[in-house]
Amino acid sequence: MNNLNETDAPVIAQPALDPEVDLTEFDEPVLEPELELRADDLPMRFACFVTGTDTEIGKTLISAAILHKLVATGQRACGMKPVAAGAEEKDGVLHNDDADQLIAAGNVHLPASLTTPYLLREPAAPHIAAALEGVTIELVPILAAFAEVQAASDAVVVEGVGGFRVPFNDDFDSADLAAQLNLPVILVVGMRLGCISHALLTVEAIVARGLVLAGWVANTVDTDMRFAQENIAALTQRIPAPLLGHVPRLNEPTAAAAAEFIDLAGLPGWPSTRV
């Protein structure tokens, strides 16, 4: 497990006490300029929440591509999928394909209990899969896990589940989770017939919760979609956030391949390449 290194604050030597000395003559100690902590000296941290217009539209591929680009800039990057349904046991350990792709794309490897606090077997809506296992998906364990992941990393990519408003329990859904994490949101739009309405309704839901929509990615789902470029143009005109890229249907849908089609340099907190 990677841990952040902490730097002790400088210790200022106090003057020796003398009964005949008037202590009011001493001003508060002042740090030398080179020891002062400036905001510019603090390490830049990037984090985002990736959501989508629906399930199976490429959230994991785009999340992995973002992690790939973060690693390329020299960041300690970790992916997190707080809730994943559809896990299978391999060698006595539960695995989920989406969660595994995020692990492979990042370079900070933490226990699954942190990166995927709720790993469920049934490939169904999370509240149904959880009920089958007698589990209640709750906010606090996810926030606690996120805090540990963030402390161990320079950058964190949190992938949602399904669309933006997927139930976790009777009173808690994925939109509530996004609002509590309060991270910049990247929306993945699955390019297929009907995507304009799905995308704009999702944008409305994101903005209504006071979240920052940092950008959106067009991801080709239906290769036979007619007027795909016209649809992208219509969305670009209507979505109040930049288009970060258009990912075509890839013969080999890897993080590295998808990363070639997205430009994230303008995102809030995006790191520059380390030298």
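Modeller: Axes here are lines fitted to C-alpha atoms, for helices over the stretch in contact, and angles run from 0 to 180 degrees between N-to-C directions. Helices (H or I, at least four residues) and strands (E, at least two) are DSSP runs, numbered from the N terminus. This is a predicted model, with local features needing pLDDT of at least 70, side-chain atom pairs pLDDT 80 or more, and totals for chains, interfaces and linings using all residues. Residues are numbered from 1 along each chain, and side-chain values use heavy atoms, without hydrogens and water.

Biologist: At what angle do the axes of α5 and α6 cross?

Modeller: Roughly 40 degrees, with the axes of α5 (residues 139–151) and α6 (residues 174–181) coming within 11 Å.

Biologist: Which residues make the contact?

Modeller: From α5, Leu139, Ile142, Leu143 and Phe146; from α6, Leu177, Gln180 and Leu181. Contact means heavy atoms within 4.5 Å.

Biologist: Now the sheet. What's the strand order?

Modeller: The order is β2-β7-β1-β10-β11-β12, 6 strands in an open sheet with parallel pairing. Strands pair if DSSP finds at least two bridges between them.

Biologist: Which strands are at the edges?

Modeller: β2 (77–80) and β12 (243–247), each pairing on one side only. Neighbouring strands are turned by 20 degrees on average, direction ignored.

Biologist: How many bridges join β11 to β12?

Modeller: There are 4, and β11 (residues 213–220) runs parallel to β12. Trp216 has Leu243 in β12 as its bridge partner.
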